[in-house]
Amino acid sequence: MNTPMKRRSKSMKLCNSSSRQPLGDAAARCHITPLPEGYEDQGRFNSVLLTAGNVIFDIVIGDSYFRYDVVSVGQLDKVQVIDAMWDNREKRREEPFLSLRLMHAEETHLLLALDDEERKSLLGFASAVSAVRNPEK
């Protein structure tokens with residue numbers, strides 16, 4: 001398992017101020033988290049957006065780096081949530097983390113949550129994707 005290293009900053013408040021709730025007509029759900037040092041080359045934070053049209057934008061933004069992937073929820077082959085521990089060598093202890101993997105074809109979109117606020121947001125995002133992908137009848 002890749003070990004998250006240093007965190008760059010506390011959770012970013014770029015989504016709606018009421019803790020990442022619906023953002024209007026275009027966006028249904030959003031999750032933003034800072035990336036651990038070295039996690040993705042030159043990436044500062046990761047943002048994932050679920051639109052009202054059930055399209056996911058996975059965005060990584062850094063100082064001199066920007067990338068985004070776009071995938072329809074209907075194209076996802078698998079949605080996986082992992083709740084586990086990682087070895088924080090800096091603090092010399094194990095700490096909980098939550099990850100959400102959105103898989104389709106040969107690609108995996110991986111989102112991390114390292115603190116309680118991020119975990120709540122990521123679980124909400126996972127729930128929204130699951131509700132679209134597997135609606136109850």
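Val-70 is partly exposed, at 44% relative accessibility (the class between buried, under 20% relative accessible area, and exposed, over 50%, with a 1.4 Å probe and protein chains only). The model is predicted, so local features need pLDDT of at least 70 and side-chain atom pairs pLDDT 80 or more, whereas totals for chains, interfaces and linings use all residues. Residues are numbered from 1 along each chain as its sequence is written, and side-chain values use heavy atoms, without hydrogens and water.

Val-70 lies in strand S4 (residues 66-72); strands (E, at least two residues) and helices (H or I, at least four) are DSSP runs numbered from the N terminus. Together with Phe-66 and Tyr-68, Val-70 forms a nonpolar surface patch with about 330 Å² of accessible area. Tyr-68 is likewise partly exposed, with a relative accessible area of 49%.

The largest nonpolar core has 15 residues, of which Ile-56, Leu-76, Leu-100, Leu-102, Phe-125 and Val-129 touch the most other members. Such a core is a set of buried Ala, Val, Leu, Ile, Met, Phe, Trp, Tyr and Cys residues joined through side-chain atoms within 4.5 Å. At least two core residues come from each of strand S2 (43-51), strand S6 (93-104), strand S7 (107-113) and helix H1 (116-133), and H1 gives the largest share, four residues. In soluble globular proteins, nonpolar side chains tend to be buried together.

Leu-76 has contacts (heavy atoms within 4.5 Å) with Ile-56, Val-71, Leu-102, Met-103, His-104, Val-129 and Arg-133, leaving aside residues up to four places away in sequence.

Methods: Patches are made of residues with over 30% relative accessible area and no salt bridge: like charges are joined within 9 Å, nonpolar side chains (Val, Leu, Ile, Met, Phe, Trp, Tyr) within 5 Å. Accessible areas come from the Shrake-Rupley method with a 1.4 Å probe; for residues, only the protein chains shown count as cover. A salt bridge is a side-chain nitrogen of Lys or Arg within 4 Å of a carboxyl oxygen of Asp or Glu.
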